Amino acid sequence: MAELEERLVLLVDQCVTPVLKPRGYRKRRLEWTRVDGDVAHRITLQRSHGNAPGHLRFYVEAAAYVGDFARRVGHTVPDDVAKATAPYTTRFERVTEWPGQWVDLEDWADDALHPAFRAAVEALAAHLEPVTHAEALADLLRAEAGPLNLDLFAWSCANGDEAAMAAQVARAEAEFGAEDRWPRLYAQLERTAERYGSAITPSKQSSTPRR
C-alpha cells in the first residue's frame, strides 16, 4: 500500500496540481477549490472505502456553487462559499473521456496513467470554467439533473418559466407518479411554485386519493 500511496502523491504532483493551480485552485488534502466572489468550483479525488493493501481506488468529483443562484432559489449564502453545499456535482467519467467510474491505481502503469489522467483533469476544469453566473449553473443542472430537482424547479419558478415548470412536473410524474410518495412530492412542487406566486396544474394522479 505504501508504494500505491507514493504513486498517488506523484500523480497529484504531476497531473493535478499543475493543471489546477494556474487556474486559481487551492489544494487541501485531495481537494482543490477555486473561489471568485460568490462562485466556487471544487474538484476532489475521493478515496474508496474498500481500499486495502495492494488496492487503491479513487473517484473524481467536480462541484459548482453560485451564490446568486442560491439566493434566487431561497437558500442562504454562507460567508465562506468554499464550504457551501453545491447544487451541482458530477463525476469525471460523465463529462470527460475517462473509461470508467473510478481509477484503480494498481491496474495502471504510470507512463500510461499520467497523460490520460492529466487530460481528464484538464477536461473537468474546462467543464466548470463557464460556471461564473447563475444561468450557467442552471444550464448544467438542466443537462444532468434527475427527474426531480427542487432547486432547478425553483429556478424555473423564480424566472416565471411556465414551460420549464410544466416539463419538470411532467418528468417527475412520469418517474414517480405510480409511487405512494408522489402526492407528497407533488405537494413540494406546489409549495415551491406558490413561493414565487406561481401555480402548477393539478394532474389526475396527484389529485387521486391513495388507498
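Tutor: Let's start with how a helix axis is drawn: it's a line fitted to C-alpha atoms over the stretch in contact, and angles run from 0 to 180 degrees between N-to-C directions. This is a predicted model, where local features need pLDDT of at least 70, side-chain atom pairs count only at pLDDT 80 or more, and totals for chains, interfaces and linings use all residues. Residues are numbered from 1 along each chain as its sequence is written, and side-chain values use heavy atoms, with hydrogens and water left out.

Student: Why are α7 and α8 called roughly antiparallel?

Tutor: Helix α7 covers residues 162–176 and helix α8 covers residues 182–195, and they pack at an angle of about 170 degrees with their axes 10 Å apart. Under 35 degrees counts as roughly parallel, over 145 as roughly antiparallel, 65 to 115 as roughly perpendicular and the rest as oblique. The α7–α8 angle is over 145, so the pair counts as roughly antiparallel.

Student: Which residues make that contact?

Tutor: From α7 come M165, V169, A172, E173 and F176, and from α8 come W182, L185, Y186, L189 and A193. Contact here means heavy atoms within 4.5 Å.

Student: Staying on α8, what makes T192 buried?

Tutor: T192 is found in helix α8. Buried means under 20% relative accessible area, exposed means over 50%, and partly exposed is in between (1.4 Å probe, protein chains only). T192 has 8%, which is under the buried limit, so T192 is buried. Leaving aside neighbours within four places in sequence, T192 is in contact with L150, F153, A154 and C157.

Student: What makes P87 partly exposed?

Tutor: P87 comes in at 23% relative accessibility, in between again, so P87 counts as partly exposed. The place of P87 is in the loop between α2 (67–72) and β5 (88–91). Its contacts, leaving aside neighbours within four places in sequence, are A64, Y65, F69, L137, L141 and D151. P87 and L152 are 65 residues apart in sequence and 9.0 Å apart in space, C-alpha to C-alpha.

Student: How far apart are D13 and A174?

Tutor: D13 and A174 are 161 residues apart along the chain, and their C-alpha atoms are separated by 47 Å. D13 lies in helix α1, residues 2–20, and at 48% relative accessibility D13 counts as partly exposed.

Student: Why is R29 called exposed?

Tutor: R29 has a relative accessible area of 61%, and that is over the exposed limit, so R29 is exposed. R29 lies in the loop between β1 (26–28) and β2. Its phi is near 55 degrees, a positive value in a residue other than glycine. Most residues other than glycine have a negative phi.

Student: How do you know how confident the predictor is about this chain?

Tutor: From pLDDT, the predictor's confidence in each residue, from 0 to 100. The chain's mean pLDDT is 93, and 95% of its residues reach 70 or more. Confidence is lowest in helix α9 (residues 204–207), at a mean of 54, and highest in strand β2 (residues 31–36), at 98.

Student: How many helices and strands are there in the chain?

Tutor: Nine helices and six strands.

Student: What about the chain as a whole, how much of it is buried?

Tutor: Of the 211 residues, 42% count as buried. The C-alpha atoms fill a box of roughly 60 × 40 × 25 Å, taken along the principal axes. Among contacts between residues at least 6 apart in sequence, 60% join residues at least 24 apart.

Technical notes: Helices (H or I, at least four residues) and strands (E, at least two) are DSSP runs, numbered from the N terminus.
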